[in-house]
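Reader: I am new to this structure. Please show it to me, and then tell me what the labels rest on.

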Amino acid sequence: MNSSVSEPWQRTAAGANLLGDDGQLAFTIFEEVTALSVQHDAINLGQGFPDEDGPAVIKAAAQRAIADGHNQYAPGKGVPQLRQAVAAHQERFYGLSPDPDTEVIVSTGATEGLAATILALAGPGDEVLTFEPFYDAYGALAGLSGATHTTAPLRAPDFQPDLDELEAAFSERTRIIVVNNPHNPTGSVFSRESLEGIVALAHKYDAVIVTDEVYEHLTFGVEHIPVATLPGAAERTITISSAGKTFSFTGWKVGWLCGPAGLLERVRTVKQYLSYSSGTPFQLAIAEGLGLEDSFFTDQASALQHKRDILLSGLRSAGLEANVPQGTYFVTADTAPLGISNAADLALRLPELVGVGAIPVSAFCLAENTQSRSLLRFAFCKQVPVLEEAAERLSRLRERL
């Protein structure tokens, strides 16, 4: 990469590093915003993790598992109780019936599941296709596999796939298409029509569909449709989710994969040389969590929608054009109405200007992408008083610029 760049930081094509003007490895934008937020006593809405724990009943289950002596290695594919609970969850919510012995694997968070899958199914000469903006791990994992990372754009304001642009991004070398739905960082939830189009293209180009559905229960008035439920999809789809977002236990790193036995066996072969296994008492606790009553899942989404609306109010008061997310716990806001075309510059000033931290959406794009340059991402998975204070601070942005 040319070390003379116009940005204060820039992402490599593999998505692994951010390089400063002098060509030296620099802090990632996430780390820099966090450091600036600490320096200026700002409310950091940049990184997406909750500021309060999930259900006490799940914490108690983990404590009980530890006290009962479940503290040694779990089986490589996960404790049977969690694999059975995942299978029951898929049946309960989506009508899917994976075999817990051959079609479910427990991973150390969704990211390890993604890593094992991409490393197992793609390599040099192959292409891994994602939508753009993309969760930053996708590019890095494609790079680790030796495959080429290719992208298809999601365009504001609805951030739905354009199937013509998507097909143009496919080739005979496309081995995997990664479908992150609900989508981070845009907060969009893909329509049935879009998902059916993705399945059709995967068939046409003989690609495996890898879905990242960690925000599956965090949607607002729209239906989350797992790709594996669509006609012709199940035999070529690996579905990945986790406990971190659903239960607000991001530090436990408990994820899972569901899919055809033949594909999952290849993934498990790679996974055993990554973490092998992890978090036995946490796995047992999440098995109980997946059996919570329906009201837990619906109430959680309703509470999060209220938090979303608090933040949206503050962003609009700031003069930003805020997109209304249909899912996740992120909202994107356009800085262009304030006359700012480069949101990365504002992200580095925002903690000092108004005491709030945010991440530029360009951090989730390849270096040559320009369509998201004016967008910022804010997280609203925080306590209501924190969001109310953040909204109040943001309302002062225009006068501070």
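Author: Start with one term. Buried means under 20% relative accessible area, exposed means over 50%, and partly exposed is in between, with a 1.4 Å probe and protein chains only. The model is predicted, so local features need pLDDT of at least 70, side-chain atom pairs count only at pLDDT 80 or more, and totals for chains, interfaces and linings use all residues. Residues are numbered from 1 along each chain as its sequence is written, and side-chain values use heavy atoms, with hydrogens and water left out.

Reader: Why is A42 called buried?

Author: The relative accessible area of A42 is 16%. The limit for buried is under 20%. So A42 counts as buried.

Reader: Where is A42, and what does A42 touch?

Author: A42 sits in the loop between α1 (29-39) and β3 (43-44). Helices here are DSSP runs of H or I with at least four residues, strands are runs of E with at least two, and both are numbered from the N terminus. Contact means heavy atoms within 4.5 Å. Not counting residues up to four places away in sequence, A42 touches S37, P351, G355, V356, G357 and R393. A42 and A358 are 316 residues apart in sequence, yet 10 Å apart in space, C-alpha to C-alpha.

Reader: L144 and S145 are both placed in α5. What makes L144 buried or exposed?

Author: L144 has a relative accessible area of 65%. Exposed requires over 50%. Therefore L144 is exposed.

Reader: And what makes S145 buried or exposed?

Author: The value for S145 is 10%. That falls under the 20% limit, so S145 is buried. Leaving aside neighbours within four places in sequence, S145 is in contact with I118, L119, A122, G123 and P124. A polar atom of the S145 side chain also lies 2.7 Å from the backbone oxygen of A142.

Reader: Which residues make the nonpolar surface patch?

Author: L119, L144 and L274 make the patch, of about 280 Å². A patch takes residues with over 30% relative accessible area and no salt bridge; like charges are joined within 9 Å, and nonpolar side chains (Val, Leu, Ile, Met, Phe, Trp, Tyr) within 5 Å. A salt bridge is a side-chain nitrogen of Lys or Arg within 4 Å of a carboxyl oxygen of Asp or Glu.

Reader: How do you know what span to expect for α3?

Author: The expected span is 1.5 Å times one less than the number of residues. Helix α3 (residues 80-94) has 15 residues. From first C-alpha to last, α3 reaches 21 Å, close to the 21 Å expected.

Reader: What do the buried residues of α3 pack against?

Author: They pack against β4 (104-107), β9 (237-242), β10 (255-258) and α10 (280-289). Among the buried residues of α3 are L82, R83, H89 and Y94. After α3 comes G95, with a positive phi near 75°.

Reader: Which residues does the cis peptide bond with omega about -5° join?

Author: N181 and P182. P182 lies in the loop between β7 (174-180) and α7 (192-204).

How values were computed
Areas by Shrake-Rupley, 256 points an atom, 1.4 Å probe, with all protein chains shown as cover. Polar contact = N/O pair within 3.5 Å; in protein donor to acceptor, adjacent residues only side chain to side chain.
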